[in-house]
Amino acid sequence: MTINANWIAPATPMGDVCPRFVRSFEIEKAVSSATLTVTVMGVYEASLNGERIGDYVLAPGWTAYHRRHQFQTYDVTAQLIPGKNRLAVLVGKGWYRGPWGSIDKTLPAGLIACLEISYADGTVQTIPSDESWKVTESQIRFSELYNGETADGSFVPTEELPVMLLDRTQENLIPQQGEKITEQNRVHAKRIFTTPAGETVVDFGQEVTGYVQFTVTGQAGDAVEISHAEVLDKNGNFYTENYRSAKAKLRYTCRDGVQTYKPHLTFFGFRYIRLDSFPGTPKAQDFVAIAVSSDMRRTGRVRSGNRTLNRFYENVIWGQRSNFLDVPTDCPQRDERLGWTGDAQVFAKTAAYNFNVKKFFRKWLSDLAAEQFPSGLVPNFIPAIGEKYTSAAWGDAAVIVPWQMYLSYGDKADLAAQFESMKAWVGYIGSATKDEFLWTGCGHFGDWLGLDAPAGSYKGSSREDFIASAFYANAADILARTCEVLGVDGSEYRTLHQNIVNKFRLTFPTYLTQTENVVALTFGLTPDPASTAADLAELVRKAGPSLRTGFVGTPYLLYALGENGYADLAYELLCKEDYPSWLFQVNRGATTVWEHWDGMNEAGDFWSPDMNSFNHYAYGSVIGWVCEFAAGISPAIPGYAEVNLAPHPDSRLGWLEVSLETEGGEIFSGWYYEQGGLRYEIRTPVPANLTLNGRTVRLAPGSYLFFGE
Ligand code: BGC
């Protein structure tokens, strides 16, 4: 699509200073409606007559810009005033011109916009970006996503400088496709204290992605300087090493008087801030953490009789909020924050049990398809920003995520939109492998961060060719099913799948690790599920009982146990509180989900700072199991036109309640251990197949109570 306007940029470069594009105009007649269409090379905040336009934070979001650059359209009718009006757009580097995202580091802060005003007399006036616009320096002297923001509250721009036209294509422009990012939560500071190192630190009690708003009484020239951190070290001191090169600093120069400030064009991942400089005596009530996130509707709720699990669930919700920032990012704090495909794939199902992520993933998958190589290779992260490599279980996001979205939301059009991309991915594996019907001879991330990793390695000890070939089988199977749904001939993929299974069985007759057993069970590769499940249970018991799995094995581990006769052991792992477990981190004070099982060990020591995020949602994928297996809610028809309800209670939780808002209404499954037995509570707005103790009954929409032993 095109905008009837020109790309413009400051005629004289402003260095690090964020430019504010301005355009003044007169309104002389009655207005019936007005819309502003705008996007920038960076991120922007637009305002009309000093009042913010819309509530989109970090617009235009992050896409594969060279192919798909979103623009936004705002209804600004109510913001116009008779007489003189002034439109302003403040532009920061954002993803487009940041250290990772930049297509070309020398690019200027470009803007393209068109204000269209319809008058009551039927005439229309357009104000496109062109050489009649001006640009001023703004109070924001520096802004970038990893290093933070520097603002000068005392700076008053005077000079309006010329702009120049930029010769740039409009072919990549598309209307906003994803959810906008907005301010979602305000978390008030819980306490302010002095650390043993003598530093003044504010604790918000919750890790968020966003920024701090502070109120300060200062004199012109007074400096506020704030650092961000996720955790305190074992001595109670502020710890920033795990941010690596991301400086994550907020600097503000005061004007005279009381003033309130928050950053405009950046974000941080943090729970604590350190006041490196702050005039006067800071008080906790002067600080609010504003959490930003893609504006997804919350659709799921989980509550149980286990308080630690309940806190873990809250951590998963916060982890999703803080990493679904237009792109599903691995983490929000260090010098990374990329749309890692593996992490997204691992968490997609859980994500859909928590929030409505249909639109969010539709947009990201469009970027994935746009970034795919002609060979079908799916770069490890999306947007790819030049990444040329792929890995099994990472690139597989190309098939796993669209299929999951289809199961969760039932939209065939979304699946059809990804069909070519899905086929290309499976085709790519076929062309990259050394051995037909397997995926061998390529490098992968393996069972990333598995606890059975050899010393010095991030990769668990499961064989890479094993994992890659197993995911190849899964991808072919998903593609065959997709063909069926879309009504096209899928026999080629059905046959491919069978060939992979056959060859896999010959090549990998034994399974060496927890993850290998898990994967063989999950993808239907073992010829003898009962003995594989017994082997898995044995490995788990021998280890503790404990898990040893990483990114690949963990999301499926409790399914592999639960669905093959070892629900008891699955619950034991779920409820386990000592290291390694999901709940260990809760007892160590986690408020989001850790990247490593031992991000902080029992002694309070950290995993090395080179890769230690305390806000990585991947292991939160166990909540999918709580919803689907423990509470038993899964779609019988994609999109929940019919639901399967097969709760698997366990007395160690005491009780469990899961609700899920679907298109047809809210589905609820609860079970409660009470004196004398078990009570099940079911509410379904759609026909349901209820399975209890191995017996399935058909339920019409309604509310039900059942009692069991
Ligand atoms: C990221 C992970 C990602 C991985 C790939 C890391 O740096 O944070 O979550 O999946 O690289 O192995």
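**Ground rules.** I numbered residues from 1 along each chain as its sequence is written, and my side-chain values use heavy atoms, without hydrogens or water. In this predicted model I kept local features at pLDDT of at least 70 and side-chain atom pairs at pLDDT 80 or more, while totals for chains, interfaces and linings use all residues.

**Polar contacts.** I looked for pairs of N or O atoms within 3.5 Å. The side chain of Asp343 has an N or O atom 2.5 Å from a ligand oxygen. For Asp330, a polar side-chain atom lies 2.7 Å from a ligand oxygen. For Trp394, the distance from a side-chain N or O atom to a ligand oxygen is 2.9 Å. I then checked burial: the ligand alone exposes 310 Å², and the protein buries 95% of that. These areas come from the Shrake-Rupley method with a 1.4 Å probe.

**Lining of the largest pocket.** Which helix gives the most to this lining? I found H2, with six residues. Helix H2 spans 341-354; helices are DSSP runs (H or I, at least four residues), numbered from the N terminus. I sorted the lining into 20 nonpolar, 15 polar and five charged residues.

Notes
Polar contact = N/O pair within 3.5 Å; in protein donor to acceptor, adjacent residues only side chain to side chain. Helix = DSSP H or I, 4+ residues; strand = E, 2+ residues; numbered from the N terminus. Nonpolar A, V, L, I, M, F, W, Y, C, P; charged D, E, K, R; others polar.
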